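Subject: Structure handover

Hello,

Here is the structure for you to look over. My notes follow below it.

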Amino acid sequence: MRIRLLFTPLLLVSMMASANIELDLEPGLWQHSFKVSSQSGRLEQMMQEFQQQLAAMPEAQRQMMLDMLKAQGMSFDGMNGSIEVCMTAEDLKQGKLPEQEGCNQQLTQQDKNRFSYTFQCSSEPPSSGSGEMLIIDRKTYQGTASFSSDFDGQQEQMKMSQQGRWLRSNCT
């Protein structure tokens, strides 16, 4: 599915990983929300077309599509999206957050609550970028990122703002 491929770099930016850094976040189910903009505007145009196609679907088909995305942990409205992810106490203590297969990431602690990161993915589509994350408190973070990815055979520069918020201690 084309939409899944487009959001692969977004999933990665929201879910970086690194060793030897303890993340002072509450363990449990988290919602990672993001807003993306592309330099050319092509991604926004494609998402608008997708929304129109989704709105034109019969209700049962539209619900099936939304349920399929939800089963993958995704929900979004245009260029605004969110992903729910379980983060365990052990993973946070080791500085590990869920990783995207085929990606190399590096998280660097700038000060107690501020981190910078870089990533490079060989997945489809390939992507690379960098960003910053600020832990506001144990249940909230925010960040920004810039990345490039292959989009219909051309490099596309994108910017993203993101937020994370703790939902509950139980991940099920």
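Read along the sequence, the pattern is α-β-α-α-β-β-α-β-β-β-β-β. That comes to 4 helices and 8 strands. Helices (H or I, at least four residues) and strands (E, at least two) are DSSP runs, numbered from the N terminus.

This is a predicted model, so local features need pLDDT of at least 70, side-chain atom pairs count only at pLDDT 80 or more, and totals for chains, interfaces and linings use all residues. Residues are numbered from 1 along each chain as its sequence is written, and side-chain values use heavy atoms, with hydrogens and water left out.

Confidence: pLDDT is the predictor's confidence in each residue, from 0 to 100. The chain has a mean of 79, and 80% of its residues reach 70 or more. Strand E6 (residues 127-137) has the highest confidence, at 92, and helix H1 (residues 2-14) the lowest, at a mean of 45. Over residues 1-15 the pLDDT is below 50. This stretch still has 59 contacts (heavy atoms within 4.5 Å) beyond near neighbours in sequence.

Of the 172 residues, 42% are buried. Buried means under 20% relative accessible area, exposed over 50%, and partly exposed in between (1.4 Å probe, protein chains only).

Core: The largest nonpolar core holds 31 residues. Such a core is a set of buried Ala, Val, Leu, Ile, Met, Phe, Trp, Tyr and Cys residues joined through side-chain atoms within 4.5 Å. Leu-23, Leu-25 and Phe-115 touch the most other members. Helix H2 (42-56) is among the elements that each supply at least two core residues. The largest share, 5 residues, comes from H2. Phe-115 has contacts that include Ile-21, Leu-107, Met-133 and Ile-135.

Aromatic pairs: There are 2. Rings of Phe, Tyr and Trp (its six-membered ring) pair if their centres lie within 6.5 Å; planes under 30 degrees apart count as stacked, over 60 as edge-to-face and the rest as tilted.

- Trp-30 and Tyr-141 are tilted, at 6.3 Å centre to centre and 35° between the planes. Trp-30 is in strand E1 and Tyr-141 in strand E7, 111 residues apart. Trp-30 is buried at 0% relative accessible area, and Tyr-141 at 2%.
- Phe-119 and Phe-147 have ring centres 6.4 Å apart and planes at 50°, so this pair is tilted. Phe-119 sits in strand E5 and Phe-147 in strand E7, 28 residues apart. Phe-119 is buried at 5%, and Phe-147 at 2%.

Best wishes

Technical notes:
Lists of a residue's contacts leave out its neighbours within four places in sequence.
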